[in-house]
Number of protein chains: 2
Amino acid sequence: MYEERIKRRDLLQKITSAEQAATLFKDQMVVASSGFTKAGDSKAVLKALASTAPAKPLRITLLTGASLGHDTDGALAEAGILHKRMPFQVDPALRKKINSGEVLFIDQHLGESASFVEEKIIPRVDIAVIEALLIEEEGSIVPTTSVGNSAAFAAAADKIIVEINLSVPLSIYGVHDIFSAGIWPDKQIIPITHAGARVGRQSILVDPEKIVAVVLTTTTDSPASINERDEKTTAIAGHLLEFFSHEIRKGRLPQSLRPLQSGIGKVANAVMEGFMDGNFHHLTMYSEVIQDSAFNLIDAGKLEVASASSITVSQACYNRVFSNFEKYKPHVILRPQDISNAAEVIRRLGVISINTAIECDIYGNVNSTHIGGTSMMNGIGGSNDFARNAYLSIFVTQSSSKAGGISHIVPMASHIDNTEHDVDIIVTENGLADLRGLAPRERARLIISKCAHASYKDELNNYFTNACSRGGHTPHLLQEALSWHGRFNENGTMLKTVRV
Amino acid sequence: MYEERIKRRDLLQKITSAEQAATLFKDQMVVASSGFTKAGDSKAVLKALASTAPAKPLRITLLTGASLGHDTDGALAEAGILHKRMPFQVDPALRKKINSGEVLFIDQHLGESASFVEEKIIPRVDIAVIEALLIEEEGSIVPTTSVGNSAAFAAAADKIIVEINLSVPLSIYGVHDIFSAGIWPDKQIIPITHAGARVGRQSILVDPEKIVAVVLTTTTDSPASINERDEKTTAIAGHLLEFFSHEIRKGRLPQSLRPLQSGIGKVANAVMEGFMDGNFHHLTMYSEVIQDSAFNLIDAGKLEVASASSITVSQACYNRVFSNFEKYKPHVILRPQDISNAAEVIRRLGVISINTAIECDIYGNVNSTHIGGTSMMNGIGGSNDFARNAYLSIFVTQSSSKAGGISHIVPMASHIDNTEHDVDIIVTENGLADLRGLAPRERARLIISKCAHASYKDELNNYFTNACSRGGHTPHLLQEALSWHGRFNENGTMLKTVRV
């Protein structure tokens with residue numbers, strides 16, 4: 001069975017166990033792995049490396065597309081193997097080591113992480129581990145459920161370990177569109193002018209001499225956990241859908257909207273699900289990740305094209321989609337993440353981007369990464385690739401959490417990943433603030449009135465009024481600006497007077 | 001003499017005085033004007049509007065390319081005419097009214113301001129005032145020393161007032177390259193693949209029916225004030241030139257470097273002047289503004305192409321260049337600012353961007369706009385258009401100022417325009433910190449040791465050490481993070497103990 005997936009016959013002799021492949025890793029190596037939001041990651045070799053590590057102390061730099069599947073980053077972190085990690089992660093165990101300073105994390109724009117390798121800012125890649133559907137006769141690699149940075153990693157690496165995943169159906173062959181703009185000074189135009197454009201190859205060209213091991217696996221991707229809609233996410237989605245309908249009525253958007261990008265998370269998912277009901281047709285997506293909601297919209301005949309760098313879905317959706325992929329293939333395109341997240345394409349297509357904020361301040365700055373200004377959550381991901389270049393840059397967040405103890409609308413964001421210059425719209429369950437064309441003082445009034453939780457509105461208004469009395473284009477009281485976070489750390493609530 | 005500049009003969013009857021043209025402006029109008037960093041701005045009509053305003057109370061929204069010439073923004077601000085202003089300014093009188101909240105200022109990425117008009121986020125443009133070299137037979141407008149947003153404004157405006165500037169020599173005809181990617185859903189690729197590429201027209205196509213007045217002027221652009229090199233700017237330039245030489249030796253850059261972008265300011269100018277001495281050849285610029293240093297480099301045979309949106313030079317340089325423009329024309333291209341600052345092109349060309357920071361924090365976040373976190377200085381300009389997309393994003397600042405009372409390296413930036421994700425290199429007169437591939441804790445140690453002023457190093461190290469003891473990916477003490485700015489406001493110095 002596996003023979004049909006290794007069409008270059010001389011590579012059959014490179015088949016080995018994950019444990020054997022793991023012996024190739026040495027101390028201080030730079031290792032690059034496929035994997036983007038859990039999809040198409042290394043299932044066997046990195047885990048084997050983690051389990052053999054205690055016997056062979058080594059520390060590596062690990063580059064990926066985005067997050068790996070359940071426990072891989074955690075296992076590597078707990079084995080003490082990770083010296084440096086980039087560009088993104090979501091693992092609790094790794095996060096702990098990042099925040100203690102034990103693992104050095106470089107939180108990068110996902111659309112720019114390939115260039116770190118291509119431009120040799122990371123001077124070398126020793127080994128790339130790439131999950132593959134199959135290897136073509138000429139030795140090129142067909143990826144599985146994500147493309148991520150695999151093409152850049154395969155080009156840069158000295159050695160390549162291929163994990164052939166036998167559980168991924170051969171019917172996905174053809175879903176990938178591998179295009180590279182090349183490397184300076186010969187960098188080319190990315191000729192994508194609509195979300196469904198196919199401009200590249202179906203596989204990743206590699207020098208087959210670099211393939212030093214082939215490992216067979218059957219482990220499927222870690223499933224996404226889908227949070228059911230709740231009152232808040234439904235309300236946020238409702239505000240956004242109402243806004244889109246308003247823009248259609250005003251003649252500023254067609255019923256097909258513009259190509260949509262939606263981050264991962266329950267709110268983004270709820271918004272996408274909301275398109276099932278609304279009067280929207282012929283939708284397209286130019287995004288990073290294709291989630292359950294996209295397949296539901298394809299089934300409903302609402303979504304024509306979903307272009308992204310990975311398919312990250314629940315187990316039920318995975319089973320439905322991959323048991324019948326021929327049905328979905330005409331609608332789905334998987335691209336390298338420097339193409340799915342390319343500034344050039346996002347601007348040209350006029351993408352509508354929807355991402356989740358950890359907190360927003362009253363002037364429209366967005367914290368996407370740090371809890372309390374210091375502790376890394378996951379990373380900026382592609383949020384600013386899209387927000388910086390989108391036609392409409394939307395951030396969603398709940399107005400408060402922790403039983404009201406945290407206001408997600410704060411006087412000053414404790415860390416800023418998406419600046420006031422790049423945020424068009426903020427939505428909470430309370431309402432939507434359209435900040436386009438507004439000066440900071442106008443934004444503050446609107447954000448407080450539309451988005452803040454009722455129990456924080458007075459305090460936010462007080463802050464703003466007091467700050468205005470001191471003047472400034474962006475009025476602030478620097479000694480109070482971040483005090484809400486300190487109050488939360490001390491009292492467990494940002495509220496000034498703890499309610500009884 | 002002026003007749004040869006109005007080749008469409010029926011427009012001769014539209015010639016009128018600036019004062020007469022100023023009567024066309026009504027209350028609440030949206031007015032758009034040519035002008036980018038003082039160059040090619042309205043010399044007559046906006047000033048006439050300012051002087052007639054007291055007799056005719058009105059408030060307008062004013063859009064430009066970037067800053068206007070000396071006193072125009074100031075005169076308009078002091079006449080109380082400005083309700084809203086975007087996307088950039090440098091005028092002291094206007095700045096005061098922005099910071100008091102009297103004028104609403106929208107601080108925008110210069111590369112994105114045209115899209116505000118094209119996408120109708122600003123719903124209409126009533127009148128565009130555009131300085132021109134001449135009007136072609138079919139009615140198209142040839143700009144003067146800048147292109148800025150003039151093409152977008154002319155397309156969007158209901159009415160156009162043309163200021164024919166008779167002092168600008170006809171020899172500049174042909175220097176402009178007017179290209180528009182068009183408007184969604186027909187937005188096209190910007191086909192620029194090298195800094196010197198010419199892809200557009202020599203004039204701005206307009207519907208000549210919209211030209212309601214033609215005003216003749218002879219006022220030249222406000223000259224740039226060139227600050228002489230001093231010890232600090234020379235040291236900063238020296239560090240950067242040494243870095244470039246190092247990168248050449250390492251094989252990461254050729255002797256022609258990559259296309260250069262340099263912001264306005266004495267440090268940027270000193271760096272560019274530094275290329276006169278160094279072992280650099282066949283340089284190119286893909287920038288916003290062409291300044292004195294570029295013409296000096298052209299004269300020295302070092303710079304082959306200077307592409308930007310304006311020519312903003314000292315009086316002496318202006319006289320030299322425009323009395324003999326045929327010599328410079330093969331080397332100079334003026335583009336619309338959405339092309340000079342296009343993410344797409346900046347990435348494709350792999351630009352090296354050099355911009356000035358107001359302050360940098362120890363983790364590499366840059367404040368480009370706000371003094372003490374609240375007061376607007378000029379605006380973000382194109383700094384993030386370039387920094388976000390450049391191959392190398394460099395920020396320069398002096399380590400301290402105000403007799404050592406202000407440290408420009410601070411624990412936390414009091415406003416953030418260019419985030420940690422977009423800043424590769426920070427340079428002060430003390431040294432250069434190459435932040436590429438470094439995690440926040442690594443960056444902090446390097447920035448403090450290389451860039452901070454000696455009198456602040458201990459305090460910065462103390463802050464960092466104490467913050468690390470609390471943990472976090474980006475360690476901070478939120479209650480102290482902004483205290484340096486408060487201390488400066490109270491004591492006139494950020495130093496903890498005022499030295500005797």
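View 1. What you are looking at is a predicted model, in which local features need pLDDT of at least 70, side-chain atom pairs count only at pLDDT 80 or more, and totals for chains, interfaces and linings use all residues. Residues are numbered from 1 along each chain as its sequence is written, chains are lettered from A in the order in which they are written, and side-chain values use heavy atoms, with hydrogens and water left out. E288(A) sits in the loop between β12 (283–286) and β13 (289–290) of chain A; helices (H or I, at least four residues) and strands (E, at least two) are DSSP runs, numbered from the N terminus. Is E288(A) buried or exposed? E288(A) counts as buried because its relative accessibility is 8%, where buried means under 20% relative accessible area, exposed over 50% and partly exposed in between (1.4 Å probe, protein chains only). Leaving aside residues up to four places away in sequence, E288(A) touches F36(A), L110(A) and Q261(A), among others; contact means heavy atoms within 4.5 Å.

**View 2. The annotated C-terminal domain of chain A.** The unreviewed UniProt entry gives residues 320–463 of chain A as "domain: Acetyl-CoA hydrolase/transferase C-terminal". This stretch of chain A is 31% helix and 25% strand, with its end C-alpha atoms 52 Å apart.

**View 3. The interface of chain B and chain A.** Here 71 residues of chain B are in contact with 72 residues of chain A. The two chains bury about 5800 Å² between them, 55% of it on carbon and sulfur atoms; buried area is the accessible area (1.4 Å probe) that two parts lose on being put together, summed over both. There are 12 salt bridges between chain B and chain A, each a side-chain nitrogen of Lys or Arg within 4 Å of a carboxyl oxygen of Asp or Glu. E442(A) pairs with K84(B) in a salt bridge, with the closest N and O atoms 2.9 Å apart. On the side of chain B that touches chain A, α13(B) gives the most, with 5 residues.

**View 4. Helix α9 of chain B and the residue G301(B).** Helix α9 (residues 292–299) of chain B is mostly covered, with 6 of its 8 residues buried. Among the buried residues of α9(B) are D292(B), F295(B) and I298(B). Just after α9(B) comes G301(B), which takes a positive phi of about 75°.

Technical notes: UniProt positions renumbered as here; feature names shortened; annotations may be inferred.
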